[in-house]
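Here is a friendly briefing to read alongside the model.

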Amino acid sequence: MAERIAQARLDATTMSEATATARALAKGVRAHKPSGIDAFLHAYDLGSDEGIAMMCLAEALLRIPDAHTADELIADKLAGPDWSEKLGHSDSSFVNAATFSLLLTGKVLESAQDRSDNWKAALGRAVGRLGEPVVRTAVREAMKILGRNFVFGRDINEALKRAVPERKQGLSHSFDMLGEAAKTFEDAERYADAYRGALDRIAEEAKNGFRKDPGISVKLTALHPRYEWSHAEEAVAAVLPVVRELALKASKADVHLTIDAEEADRLELQMDVFEALLADDELFANGWSGFGIAIQAYQKRAAPLCDWVAEAARAHGRKLMVRLVKGAYWDTEIKAAQVAGLPDYPVFTRKVATDVSYLACAKKMLDASDVIYPAFATHNANTIGQVKALAAGRPFEFQRLHGMGEGLYEELANLERHVGDVPTPVRIYAPVGSHKELLAYLVRRLLENGANSSFVNRIADEQVSIDELVRDPVSELDALTPKRNPKIVLPNQLFGGRRNSAGVDLSDPLVREPLLERLKKLETRTWTAKPGLGKGEGRAIVSPHDHRITVGTTFEATAAEVDRMVRAAHAAQVSWDALGGEKRAQLLERTADLYEEHAEEFFSLCTREAGKTLVDAVLELREAVDFLRFYASEARRQFTKPLPLPGPTGEQNELRLHGRGVIAAISPWNFPLAIFTGLTSAPLAAGNAVITKPAGQTPLIGALAVELMHQAGIPKDVVQLAPGSGRVVGGTLTAHPLLSGVVFTGSTETARMINRTLAERDGPIIPFVAETGGQNAMIVDSSALPEQVTRDVISSAFQSAGQRCSALRVLFVQEDVADGMIKMIAGAMEALKVGDPSDLATDVGPVIDEAAKKVLDDHLKWLDKNAKRICRLKQPKEAANGCFVAPAFYEIQSLSQLNQENFGAILHVIRFAGDKLGEVVDAINATGYGLTIGLQSRIDTVRDYVEEHARVGNFYVNRNQIGAVVESQPFGGEGLSGTGPKAGGPHYVARFATERVTCIDTTAAGGNASLMAALEG
Ligand SMILES: Cc1cc2nc3c(=O)[nH]c(=O)nc-3n(C[C@H](O)[C@H](O)[C@H](O)COP(=O)(O)OP(=O)(O)OC[C@H]3O[C@@H](n4cnc5c(N)ncnc54)[C@H](O)[C@@H]3O)c2cc1C
């Protein structure tokens, strides 16, 4: 930050010039009535209930085809907030809702109070006469008006027509044919066509060069469904020819083409595409200077990126037009970095730091005027003042969004006229597309501008003085300690005292490439798994995706060896328990650290032994580490000190938790490290010895895990690996007389078998904690955003080859939107890559073994006879030597057609009528399973209904339904899905403890001294 502060500092003269301009602009803006989106932001505080409800309506209403859901959404959003307070005296939702339509006509009127009084009577009469359809129509109209304020034109012809008066005023435009990012190849083709068509039309009108004529801004995410780092090669190869074609059109017409900046993890791709085009002589043969990219100042890489762009331009002998923005995805970046457990954020965490970075970048761009014509995009008067002063006559333009900053730039024009400055060119970034498609996207942008910290919001707030608005960001930041925002903790500190597991930023080539090199070297390593005591019987372990690869050997314990292990564990448990919660916590935390130190070995094993992709392997290790640290903190919380209990005076009552004895932990292959570690470490934390049985398919990962537990200092007899078959090892363990409990994750059938074995035992009845199968559903109503649904369905159903307990099996889609939704999901499936999990571009790896494959293949055969096939991907070439079941998508009529869980990448869809949500939830409950359920809906009452009625352990709303995070989303089901308590939750560790209460009569020796002392006190 110190470097940026130095780079951004303005000398005193420039600074006072900048402040004077900013002050004049801010004063001018305050003196006039706002228009367009600015007016909306003035009228509605987006942090308020009314503002949020309004945004929700705008985001969803126009895409809802059916009256039922539209009415539900309207009722949901209009009933809650206090509209009457907002708009005047009316207490009618309808009156207020309809008032919006008038509020938002673009010429937002002087005072909401006057308007609501005027309209109240008229609209009140209308609702009385016509009832609900009128309400619906009125609110839809309101949204359309809002749409017109956001969206410049529904197609390029409409947009060019609307641009005419602005062009007459000397303004120019950059059209963006945008919508949501493409989810299918078909969408991508449609967007590409829209861009092509737009450029052809613009070319017809272009005569004055790129600085004056309208041009286009391109979002690369619109041009490929997998424009992401993991598919970089394929995406860049597909996107490049399209952008080149567009660039060639732009070059011939001499209009600008800017590649927009998107999320930080796509920056490398944006640079790749940009660099490849820069090197293309044909594009620049005519001296075209309108090509460029957008640079986001909120990114920490922004300033070096400015240098890189200038150097690249010089190296190729090009002139460019480069846009500097602050960045539109700040909240997304913060969340993404937290979710991914990154070491730090890619963006600044203080608004003022972004402003400083913007200035530093602006200086760099202006200083590179030999190769860069800068475009400064902002709606901030202060930033405008600073850029203008900095430029000191060097050429540049300002850019603003359609509907925003209108008043501000009018003030600038007035000021320039007044002082006799040459007017600075201003360009309007103008989104083009249907209202229905664009509103969802634009609402998100609006929300960003409605943030408290944003200039647009602050200038609307009369409490913020002009002096505050025009403060010098450089001295403000300079004076701040610390420079980073203390309210935004680093991702590893999210959980207070417990360190969050470290993620791996695979999007960063400096992290990814060396890691892949090291993983390559690990491919030749062979591993062994041995029982804690004894020799076992050897068996080779091969890779599920390629049976020719031997990963290592497991030595499977015999029944006699299992018996010896249990006895040794039994003897060791007492002192382990006596160690106490704090000491055990330290050992578990040390284990977590060792896991992270050995991360690459685990990644390699997860891929080679369990067929996991690298992305899944990283998540697997993180979850394991989180389990260790969380259960350590639980040991500390519950097992360090006795819990004092209430009672009469003269008595001391205390509850203490202790280990029960020896626990058998029996793990599945689908999370060979995470679940294995969770099942092993929770009973350990509670003071038990653990015999831990890895799945037959994945003992090698378990062996490394236990080895590290021993290295950390957990005694060898206290935690022992017992590789082997369910029959020999599982059977011997669960029947063993010295056993004190079983913790298990796996199929419902195996859980039942264990339960029977336990029931037949003589001696003490012991606890059995089981997490079993599911028939997980997701419900999608017509208010959901198809692109979000598609993204979440694809990851829920197909990530990890569908081999997650939580994975989506049955999708319920409201019939009114089912065709479109199903088509988009099937289209997105086409963009999935199935194959070798060690290939970074692979989305779907193998299934675990032949037995698993056979069950899934049989189900697919059944589906082909009894259901409608929507999409079935081809088997990859790797299927010749490994076990693969490529993703499949079938439509069925009813949930009762499925009588078992299908543990793979097979998705079923069922249509339902919008007013039959209750029946859908009943059908899901009737399966008897209750693990995860997903819901995609914008209607809170629908969410409340599902939450209240669905008998499931984990309910996910408007997101995918996999990847539960330890402590944030304790995981586990009910009914056929498990016994509880939830893994990673506050009640889990205590389930492995026995409770002992001590009651001491403190007056036994005579007298109650403490009572008498207390009374005296
Ligand atoms: C013509 C035009 C084109 C655009 N193109 C793009 C594009 O290609 N890609 C893109 O990402 N955006 C783009 N934007 C949006 C732009 O990035 C800004 O979000 C927007 O213009 C607000 O900046 P401002 O100077 O007007 O407002 P200001 O209110 O001064 O600044 C808001 C900025 O501060 C950031 N911020 C808020 N809080 C914090 C914090 N705590 N720490 C750090 N930063 C914070 C916000 O994310 C936002 O970027 C474009 C904007 C315009 C006008």
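## Rings, helices and backbone

The structure holds 18 aromatic pairs, where rings of Phe, Tyr and Trp (its six-membered ring) pair if their centres lie within 6.5 Å; planes under 30 degrees apart count as stacked, over 60 as edge-to-face and the rest as tilted. This is a predicted model, in which local features need pLDDT of at least 70 and side-chain atom pairs count only at pLDDT 80 or more, while totals for chains, interfaces and linings use all residues. Residues are numbered from 1 along each chain as its sequence is written, and side-chain values use heavy atoms, with hydrogens and water left out.

**Aromatic rings and charges**

- Ring pairs join F274, F284, W288, F291 and W308 into a cluster.
- K326 places its charged end over the ring of Y358, 5.3 Å from the ring centre; "over" requires NZ of Lys or CZ of Arg within 6 Å of the ring centre and within 35 degrees of the ring normal.
- The charged end of R498 sits over the ring of F495, at 4.3 Å from its centre.

**The α11 and α12 pair**

- Helix α11 (residues 185-205) and helix α12 (residues 232-253) have axes that come within 8 Å and cross at roughly 10°. That crossing makes α11 roughly parallel to α12, a label for angles under 35 degrees.
- Axes are lines fitted to C-alpha atoms, for helices over the stretch in contact, with angles from 0 to 180 degrees between N-to-C directions. Helices (H or I, at least four residues) and strands (E, at least two) are DSSP runs, numbered from the N terminus.
- On the α11 side, F185, A192, Y195, R196, L199, D200 and A203 meet E234, V242, E245, L246, K249, A250 and A253 of α12, contact meaning heavy atoms within 4.5 Å.
- The residues of this contact divide into 9 nonpolar, no polar and 5 charged.

**Salt bridges**

- A search of the whole structure finds 70 salt bridges, each a side-chain nitrogen of Lys or Arg within 4 Å of a carboxyl oxygen of Asp or Glu.
- One of them links R196 with D193, the closest N and O atoms being 2.6 Å apart. R196 and D193 are 3 residues apart in helix α11, so about one helical turn separates them.

**Backbone features**

- Most residues other than glycine have a negative phi, and most peptide bonds are trans.
- The peptide bond from T481 to P482 is cis, with omega near -5°, and P482 lies in the loop between α23 (473-478) and α24 (509-522).
- From G980 to P981 the peptide bond is cis, with omega near -5°; P981 is in the loop between β27 (974-975) and β28 (993-1001).
- D254 is not a glycine, yet has a positive phi of about 55°; D254 is found in the loop between α12 and β3 (257-259).

Conventions: Angles under 35 degrees count as roughly parallel, over 145 as roughly antiparallel, 65 to 115 as roughly perpendicular and the rest as oblique. Ala, Val, Leu, Ile, Met, Phe, Trp, Tyr, Cys and Pro count as nonpolar, Asp, Glu, Lys and Arg as charged, and the others, Gly among them, as polar.
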